[in-house]
Amino acid sequence: MKACVLGAGVAGMTSAYFLARAGHDVTVIERNNGVGLETSYANGGQLSYSYVAPLAGPGVLPKVPPWLLRRDSPLRFSPRLDYHQWRWCLQFVLACNAAQSELTTARLLRLAFYSRALMHDMVAREPLDFDYVRNGKLVFYSSAGSFRSAVSLMDYQKSLGCEQQALDRDGCIALEPALTHIASDIAGGIYTPSEDAGDCYRFCVGLEHALRAQAKPVEFRVKTRVTEFVRRHDKISVVRTDCGDIEADCYVVTLGAQSVFLLRAIGIDVPIYPLKGYSLTLPITVNSAAPFVSITDHQRKVVYARLGAELRVAGMADIAGYRADLDPARIAVLVRHVRETFPDCANFGDVKPWCGLRPATPKGTPVLGRTPYSNLLVNVGHGALGFTLACGCGKIIADLASGRDAEILLDGITLH
Ligand SMILES: Cc1cc2nc3c(=O)[nH]c(=O)nc-3n(C[C@H](O)[C@H](O)[C@H](O)COP(=O)(O)OP(=O)(O)OC[C@H]3O[C@@H](n4cnc5c(N)ncnc54)[C@H](O)[C@@H]3O)c2cc1C
């Protein structure tokens, strides 16, 4: 079968990988001059299989007003005259309850554990070099109240198969001595030894090389923008691009936050809105002053990952439309957080700032699988977990495209 994957972010690259392994002829179409250059470029690098609880949680709504008033807030809302922005916000508010949050967590954990097994298999099988480490993750909490809530979430997640430990302040410092100078700000932490990290862009590039080198190489059509789907009855007959039409037996949409526009034009409404986030990449200058374990500062919602000789720092969510332009004020806040948390770790004159648009759904679950068109599949809406969930989602797409059932339950993560 001829399969055409639209978009070469991490979702597209893993879809292409598993489609190719299933024996299909695969073409990947990408508007940029290379793979992984948009939201998958400089993300937080966390393969955070046990930290999947959605942003839409029961305790979030009371925090929103103070967040919106603060300039250094992890969340910023810039209202637009856009029905889809307001609808997304309303759906988000409706999802902020304990029952929905627990259901979403359980669904995402299932998908994340599946992804972890597939990622481990992939790194054992393929010569991928993406600063991949299995270094575990520590989430630290600054207030006793938020630490208590984290411990009860940990207890719930234990029942779903997560292996995590609650650490007091001394335990956190013993695990990650680079946090010593902010010890007084730490109430406690949750440590998950089974979390991984890696560079998502280099993962995409590594997959591209592997897929080009196969006996039946995957074709990459870069600098090619998809403009339209042409429908015939219940099928997609062709995709239009600015470099001509492309015909296949099966099409997979992995266009990230941009997916909504092409899908809406053929009557498919996916509840995705971009949540803009920012990252910094800094060269580590003092090894012992930078964390070896991946770190999340829960209060500030900032994540830290050591990727080779660099520190990747990421955070913030701006509900502000589709422009992926850097806001110097947000970058300055992120730089300040790093200076306060790991002051001596890096050369701050050599910071590489970046931002990207997380393709977020209000509930936090991606949208995967079949559509009303018999030869069109979607793999979209992974929000803050696109790298983490990429392998599982790619394999599910390949199984469905091959006429097989997915290997895990898909309830709550399909279109209908
Ligand atoms: C600051 C930040 C930190 C993050 N940290 C993490 C993390 O630590 N762990 C984690 O798991 N996830 C993280 N994420 C989320 C993760 O990066 C995303 O979920 C993931 O990259 C989405 O991948 P994607 O392939 O769906 O989208 P993209 O990477 O955006 O790929 C979509 C591709 O489609 C192409 N495209 C779009 N329109 C067209 C068109 N019309 N024609 C042709 N091509 C087109 C784009 O050029 C792009 O290459 C983070 C995100 C951000 C912003």
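**View 1. Ring pairs join F130, Y132, F203 and F387 into a cluster.** Rings of Phe, Tyr and Trp (its six-membered ring) pair here if their centres lie within 6.5 Å, with planes under 30 degrees apart called stacked, over 60 edge-to-face and the rest tilted. This is a predicted model, where local features need pLDDT of at least 70, side-chain atom pairs count only at pLDDT 80 or more, and totals for chains, interfaces and linings use all residues. Residues are numbered from 1 along each chain as its sequence is written, and side-chain values use heavy atoms, with hydrogens and water left out. Searching the whole structure turns up 12 aromatic pairs. In the pair F203 and F387, the ring centres are 5.5 Å apart and the planes sit at 55°, so this one is tilted. F203 belongs to helix α7 (residues 200–212) and F387 to helix α10, so the pair ties together parts that are 184 residues apart in sequence. Helices (H or I, at least four residues) and strands (E, at least two) are DSSP runs, numbered from the N terminus. F203 counts as buried at 0% relative accessibility, and F387 counts as buried too, at 4%. For the record, buried means under 20% relative accessible area, exposed over 50%, and partly exposed in between (1.4 Å probe, protein chains only).

**View 2. Y273 and Y322 make an edge-to-face pair.** Their ring centres are 5.8 Å apart and the planes are at 70°, so edge-to-face is the label. Y273 is in strand β14 (residues 273–283), while Y322 is in the loop between β17 (310–319) and α9 (328–341), and the two are 49 residues apart.

**View 3. Two arginines sit over phenylalanine rings, R306 over F292 and R339 over F348.** The test for a charge over a ring is NZ of Lys or CZ of Arg within 6 Å of the ring centre and within 35 degrees of the ring normal. R306 lies over the face of F292 at 3.7 Å from the ring centre. For R339, the charged end is 4.4 Å from the centre of the F348 ring.

**View 4. Helix α10 bends and is mostly covered.** Spanning residues 386–401, α10 bends by about 30° at G392. The bend at a residue is the angle between axes fitted to the seven residues ending there and the seven starting there. As for burial, 16 of the 16 residues of α10 are buried. After the helix comes G403, with a positive phi near 85°.

**View 5. Helix α4 (residues 98–125) packs against α10.** The angle is about 85° and the axes are 7 Å apart; axes are lines fitted to C-alpha atoms, for helices over the stretch in contact, and angles run from 0 to 180 degrees between N-to-C directions. That makes α4 roughly perpendicular to α10, on a scale where under 35 degrees is roughly parallel, over 145 roughly antiparallel, 65 to 115 roughly perpendicular and the rest oblique. Among the α4 residues making the contact are L108, L111, Y114 and M122, and the α10 side includes F387, T388, G392, K395 and D399. Contact means heavy atoms within 4.5 Å.

**View 6. T388 and K395 are two residues of α10.** T388 is buried, at 3% relative accessible area. Not counting residues up to four places away in sequence, T388 touches Q46, L47, S48, Y49 and S115. K395 is also buried, at 16%.

**View 7. I408 lies in the segment after α10.** I408 is buried, with a relative accessible area of 16%. Leaving aside neighbours within four places in sequence, I408 is in contact with R110, L111, Y114 and I396. I408 and L111 are 297 residues apart in sequence and 7.6 Å apart in space, C-alpha to C-alpha.

**View 8. D131 and H233 have positive phi without being glycines.** Most residues other than glycine have a negative phi. D131 has phi near 55° and is in the loop between α4 and β5 (137–141). H233, with phi of about 55°, is in the loop between β10 (226–232) and β11 (235–241). Which is exposed and which partly exposed? D131 is partly exposed at 23% relative accessibility, and H233 is exposed at 75%.
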